[in-house]
Amino acid sequence: MSTVGFIYHPDYLKHDTGIGHPERSQRLETLVQHLLNTPLWQQLSHLRPEPAPLEWVHKVHPERYSAMIKVRCLGGEQILDSGDTHVCRESYDVALLAAGGVLQGVDEVMTGKLKSAFCAVRPPGHHAETSTVMGFCLFNNIAIGARYAQQRYGVERVAIIDWDVHHGNGTQEIFYEDDSVFYISLHQYPYYPGTGAASERGEGRGDGFTLNCPMGAGSVEKDYLDAFQTQILPALHKFQPQLVMISAGFDAHKDDPLAHINLTEDSFAKMTELVAEISSKYSGSRIVSVLEGGYNLQALARSVETHLKVLGQ
């Protein structure tokens, strides 16, 4: 039996962002087709999620926020923010299904059915703040999953490692004053969305539980691995997470059109190995990985393949 779950729903393709938008349904179509042509596909445990119940969405986002998204999507609006978060009538339901994919991933690993889970969801989530649509994101999928793990399964310490090339401002904002969720981000800086300076470390009880590792344009694998060795791994050893979650964006790949970082598929494999080592030490190897960005279709598909291979080791 597989130790890795692949959580996907064909309805994720119904979130139509329009012609020319980088966060398009072809991302998942190409990813699934690529994996179908590898031996890995048969080794995965394939799961189809249900929509997230609103009670769990509302642990992160207020009711007025989800209601606003519902009304505007069903009302036929096509852009929900200042310009880049495009939606269609189905987008609200698909966004609930994306959050639901992460809840299922948490269920699978916390009940011991699977060692780890990869949530091949869209729309992505890490830019969505408590009450703000932003950066292609409607609901913050991984934040909802982290709260669910805490309140459904009694997990006291959750680590979120975010290696999307863009800083996860939403996840940071949601947990900025929280010492039970350690948010760690490696991202191109300065770059969209403008947050993620090394000086942003959390506030109040959360002081020291946000760790930003800003990367200059042109950074390479060594820069990322150095950040792991000198900053991230020591911090995680100190935190001792009971659940590890990954905001797995693959847009720091050298072929990605939206950024200027020079990672390869092998780079993502190496980072996955480092996270897996931490997880095996403190969280029973439980990892929930959640797709964020990645906009070169082939680079995304190959990078996810290497990520899944390491998760299955």
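I began with Gly-5 and looked up its bridge partner in strand 2, which is Ser-45. The model I am reading is predicted.

Next I followed the pairing of strand 1. Strand 1 and strand 2 (residues 45-47) run parallel and are joined by 3 bridges. I then checked strand 3 (residues 116-119), which pairs with strand 1 in the parallel sense over 4 bridges. In strand 3, Phe-118 stands opposite Phe-6.

I asked which way the residues of strand 1 (residues 4-7) point. Val-4 and Phe-6 point one way, while Gly-5 and Ile-7 point the other way. I noted that all of these are buried.

Phe-6 came up again when I turned to the nonpolar core. The largest such core has 99 residues, and Phe-6, Trp-163, Phe-228 and Met-245 are those with the most contacts inside it. Helix 5 (residues 91-110) gives the most to this core, namely 12 residues.

I picked Met-245 and listed its contacts, setting aside neighbours within four places in sequence. Among them are Val-102 and Val-106. The list also includes Ile-142, Gly-145, Ala-146, Val-158, Ala-159, Ile-160, Ile-161 and Val-288.

Last, I looked at the cysteines. How many disulfides does the structure hold? I found 0 disulfides. Cys-119 is in no disulfide, and the nearest cysteine sulfur, that of Cys-137, is 15 Å away.

Definitions and conventions:
Residues numbered from 1 in each chain as written. Predicted model: local features only at pLDDT ≥ 70, side-chain atom pairs only at ≥ 80, totals over all residues. Heavy atoms only, no water. Disulfide = S-S within 2.5 Å. Buried < 20%, exposed > 50% of the residue type's maximum accessible area, 1.4 Å probe, protein only. Helix = DSSP H or I, 4+ residues; strand = E, 2+ residues; numbered from the N terminus. Pairing = 2+ DSSP bridges. Core = buried A, V, L, I, M, F, W, Y, C linked by side-chain atoms within 4.5 Å. Contact = heavy atoms within 4.5 Å.
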